Amino acid sequence: MPTPDTTTSLETRTTRHHAALWDSDTAAAYLSEARGITAETAITHRLGVVSEADPAERPVSGYLALPYITPSESVVSIRYRCIRPSCTQDNQGEWRDTEHHEGHPKYWSLPGDRQRPYNTAALLSNTDTLVVCEGEMDTLTALQCGLTAVGLPGAQAWQRPLRLAMQGIRRVVILADDDAAGHQFAGAVAADVDGAEVVPVTGGDVTSVCTANSRERIRELVYGTH
Ligand SMILES: [Zn+2]
């Protein structure tokens with residue numbers, strides 16, 4: 001558990017990062033163009049960006065900030081994602097399918113932090129169908145599709161006791177990205193959650209398939225076409 005001092009610090013950072021978001025053309029382009037994330041989602045989930053002028057966070061200067069917010073609206077962690085145009089876009093300004101992050105991490109976690117589920121409010125919601133996504137950004141996309149979604153920051157983040165949080169939910173659907181890591185992730189979760197269904201996201205991941213088709217396409221993957 002974060003200490004009270006840490007919690008205050010995380011809250012302060014989240015507020016500062018969120019305020020900086022609206023001044024960042026890079027973040028606006030990444031969220032809206034590359035990811036299809038709306039301003040409403042950015043506000044609800046308190047997304048932010050690390051100000052270039054902030055010396056305390058120099059290792060992640062310019063990174064997107066993804067706060068982990070509890071159902072009681074406390075910030076218990078923040079993960080940071082590189083959105084530098086030189087990493088995410090090619091020379092023509094097109095968004096890369098495969099990003100290049102050289103000499104720095106794509107994702108950065110606070111020192112000593114442990115991996116945990118993203119959007120835990122979904123685990124307590126009154127839903128018949130819970131969707132499990134790989135990564136924070138795909139979780140946000142699934143939420144925009146009208147799904148009740150929880151995320152994990154990669155296959156390694158799955159921990160067996162988390163199955164207990166899903167036992168009271170009628171249907172658990174794991175959306176598996178169309179790559180080796182995605183199948184590893186889905187397999188790890190499905191092995192532990194009784195009755196969980198693995199739904200392949202053929203042709204990409206939740207975000208890419210949603211932006212290439214429609215939000216309805218993602219809903220169809222989960223609920224079928226009836
Ligand atoms: Zn990068």
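Visitor: Is Tyr80 buried or exposed, and what is its relative accessible area?

Guide: This model is predicted, and the values discussed here are computed from it. A residue counts as buried when its relative accessible area is under 20%. Tyr80 falls in the buried class, because its relative accessible area is 0%.

Visitor: Which residue forms an aromatic pair with Tyr80?

Guide: The pair is tilted, with 55° between the planes and 5.7 Å centre to centre. Tyr80 lies in strand E3 and its partner in strand E4, so the pair ties together parts that are 28 residues apart in sequence.

Visitor: What is the bridge partner of Ala65 in E3?

Guide: Strand E2 (residues 64-69) and E3 run antiparallel and are joined by 6 bridges. In E3, the bridge partner of Ala65 is Tyr80.

Visitor: In what order do the 4 strands of the antiparallel sheet stand?

Guide: Strand E1 (48-49) and E4 each have a single partner strand, so they stand at the edges, and one side of each is left without a neighbour in the sheet. The sheet is open, and the order of its strands is E1-E2-E3-E4.

Visitor: How far apart are Tyr68 and Tyr118, centre to centre?

Guide: Tyr68 is in strand E2, while Tyr118 is in the loop between E4 and strand E5 (129-134), 50 residues apart in the chain. Both tyrosines, Tyr68 and Tyr118, are buried. They form an edge-to-face aromatic pair with 70° between the planes, and their distance centre to centre is 5.0 Å.

Visitor: How many residues apart are Cys82 and His101?

Guide: Cys82 is buried, with a relative accessible area of 0%, and His101 is buried as well, with a relative accessible area of 18%. Cys82 lies in the loop between strand E3 (75-81) and helix H4 (85-88). His101 lies in the loop between H4 and strand E4 (107-109), and the separation of the two residues is 19 residues.

Visitor: Where is Glu73, a residue with a positive phi?

Guide: Phi of Glu73 is near 70°, although this residue is not a glycine. Glu73 counts as exposed because its relative accessibility is 62%. Its place is in the loop between E2 and E3.

Visitor: Does Asn119 count as buried or exposed, and at what relative accessibility?

Guide: Asn119 is found in the loop between E4 and E5. Its phi is positive, about 65°, although it is not a glycine. Asn119 counts as buried, because its relative accessibility is 12%.

Visitor: Which strands stand at the edges of the parallel sheet?

Guide: This open sheet consists of 4 strands in the order E6-E5-E7-E8. Its twist averages 30° from one strand to the next. Each edge strand has a single partner strand, so one side of each is left without a neighbour in the sheet; these strands are E6 (149-152) and E8 (197-201).

Visitor: What is the bridge partner of Leu175 in E8?

Guide: Strand E7 (residues 171-177) and E8 pair in the parallel sense over 5 bridges. In E8, the bridge partner of Leu175 is Val199.

Visitor: How many residues of helix H5 are buried?

Guide: H5 lies across E2, E3 and E4, running at about 70° to E2. Among the buried residues of H5 are Met137, Leu140 and Ala142. Helix H5 (residues 136-144) is largely enclosed by the rest of the structure, because the buried residues number 8 of the 9.

Key: Residues are numbered from 1 along each chain as its sequence is written. This is a predicted model: local features need pLDDT of at least 70, side-chain atom pairs count only at pLDDT 80 or more; totals for chains, interfaces and linings use all residues. Side-chain values use heavy atoms; hydrogens and water are left out. Buried means under 20% relative accessible area, exposed over 50%, partly exposed in between (1.4 Å probe, protein chains only). Two strands pair if DSSP finds at least two bridges between them. Contact means heavy atoms within 4.5 Å. Axes are lines fitted to C-alpha atoms, for helices over the stretch in contact, and angles run from 0 to 180 degrees between N-to-C directions. Rings of Phe, Tyr and Trp (its six-membered ring) pair if their centres lie within 6.5 Å; planes under 30 degrees apart count as stacked, over 60 as edge-to-face and the rest as tilted.
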